[in-house]
Amino acid sequence: YQRRVHGVNRIPVTETLLRNLPNLKWIQNIWTGCDQMVKSELLQSSKAILTNARGSSKKALKEFVIGALTSYYQSINERLYGRKTVILGAGSIGSFVAQSLQSGFFNHVTGFKRGIKEGAVPEEGFDVLLPIDKLQENLEGCQILINCMPITPSTFHLINKDIFSKLPKEAVFVNIGRGQSVVEEDLIQTLRDGQLAYAILEVVENEPLPADSPLYTDPLLAGKLQITCHDMDQTNDYLEIVSQILRTNLEHFYAEKPLTCIVDKTTGY
């Protein structure tokens, strides 16, 4: 039979697309996140392989995190150097951020990851690697908490007032994962109460952020947070990076070789 390749440039993949292409073999997402796509029941029942652009955002997001943290600490006449850091999610982005903080700033970095056992050998960039269910009991002294996790049923609203209450008042929270991982009301109240020094939000729970959101309008939050538009990875070379992934997968697809960056449709990553 003749293979045909159809391009889909935005997510989610619609039910109409899947109905119209019953013999679809492969779907390439040009982004990393597939949490919306995997909600499709037709996609779940489809035999099509789903791949993403895993790793395409790691350099840009690492630079964003380092730049935002450095800017904040310089604004209060302190340094990023030597901070005790916790990173939630030890995938390509979390690991890349960890490597920079550990080797470039000599931070002690603890990572939390799904599907590992306590005592696992740390991956590059991490001093310690723990299962995510050990998070609350290992936050003592954490000065920087960075969320890099995808959104799944187990990570939805995982970061809440109980997590924030474990952090010292001078701690900084960074979210480059998904906004739905955070109970936004708890974050806002924690900032209001001065129980958290600063928040750097590349993602929020409802995007675009409503104009009347307290994150915009509450005077008690002034000077306590930085908000960007979930586009810090959209650098001039992004499409070239993604094109390289697509090119490799096209070559593998036509040669009937295993594809790269395959996504587990049950977890979304």
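The briefing below begins with the basis of the model and then takes each topic in turn.

This is a predicted model, in which local features need pLDDT of at least 70 and side-chain atom pairs count only at pLDDT 80 or more, while totals for chains, interfaces and linings use all residues. Residues are numbered from 1 along each chain as its sequence is written, and side-chain values use heavy atoms, with hydrogens and water left out.

**Largest pocket**

- The largest pocket holds about 1,300 Å³ of space, and among its 47 lining residues the closest to the centre are Thr-32, Gly-33, Pro-150, Gly-177 and Arg-178.
- Helix H4 (92-105) and strand E4 (108-113) are the elements that give two or more residues to this lining, and H4 supplies the largest share, three residues.
- By class, the pocket lining divides into 18 nonpolar, 18 polar and 11 charged residues (Ala, Val, Leu, Ile, Met, Phe, Trp, Tyr, Cys and Pro count as nonpolar, Asp, Glu, Lys and Arg as charged, and the others, Gly among them, as polar).
- On a 1 Å grid over the protein atoms alone, a pocket is an open set of points with protein on both sides within 12 Å along at least five of seven lines, a cavity is a set where a 1.4 Å probe fits but cannot get out, and lining residues have an atom within 4 Å of a point.
- Grid points are joined across faces, edges and corners, and a volume is the space filled by probe spheres set on the points.

**Cavities**

- The structure holds two cavities of 30 Å³ or more, and about 50 Å³ of space lies in the largest cavity.
- The largest cavity is lined by Asn-175, Gly-179, Val-182, Glu-184, Leu-187, Leu-201, Val-203, Val-204 and Glu-205, of which five are nonpolar, two polar and two charged.

**Helix H4**

- The 14 residues of H4 should span 20 Å at 1.5 Å a residue, and the end C-alpha atoms of H4 are 19 Å apart, which agrees (the expected span is 1.5 Å times one less than the number of residues).
- Helices (H or I, at least four residues) and strands (E, at least two) are DSSP runs, numbered from the N terminus.
- Ile-93, Gly-94, Ser-95, Phe-96, Val-97, Ala-98, Ser-100 and Leu-101 are buried in H4, where buried means under 20% relative accessible area, exposed over 50%, and partly exposed in between (1.4 Å probe, protein chains only).
- These buried residues of H4 pack against helix H3 (58-75), strand E3 (84-88), E4 and strand E6 (144-147), with contact meaning heavy atoms within 4.5 Å.

**Cysteines**

- The structure holds zero disulfides, a disulfide being a pair of cysteine sulfur atoms within 2.5 Å.
- For Cys-142, the nearest cysteine sulfur, that of Cys-148, is 12 Å away, and Cys-142 counts as buried at 1% relative accessibility.
- For Cys-229, the nearest cysteine sulfur is again that of Cys-148, 19 Å away, and Cys-229 is exposed, with a relative accessible area of 63%.

- Glu-207 and Pro-208 are joined by a cis peptide bond with omega about 0 degrees, and Pro-208 is found in the loop between strand E8 (198-201) and helix H7 (214-217).
- Phe-106, a residue other than glycine, has a positive phi near 55 degrees; Phe-106 is in the loop between H4 and E4 and counts as exposed at 55% relative accessibility.
- His-230 likewise has a positive phi, near 55 degrees; His-230 is found in the loop between strand E9 (225-227) and helix H8 (238-254) and is partly exposed, with a relative accessible area of 30%.
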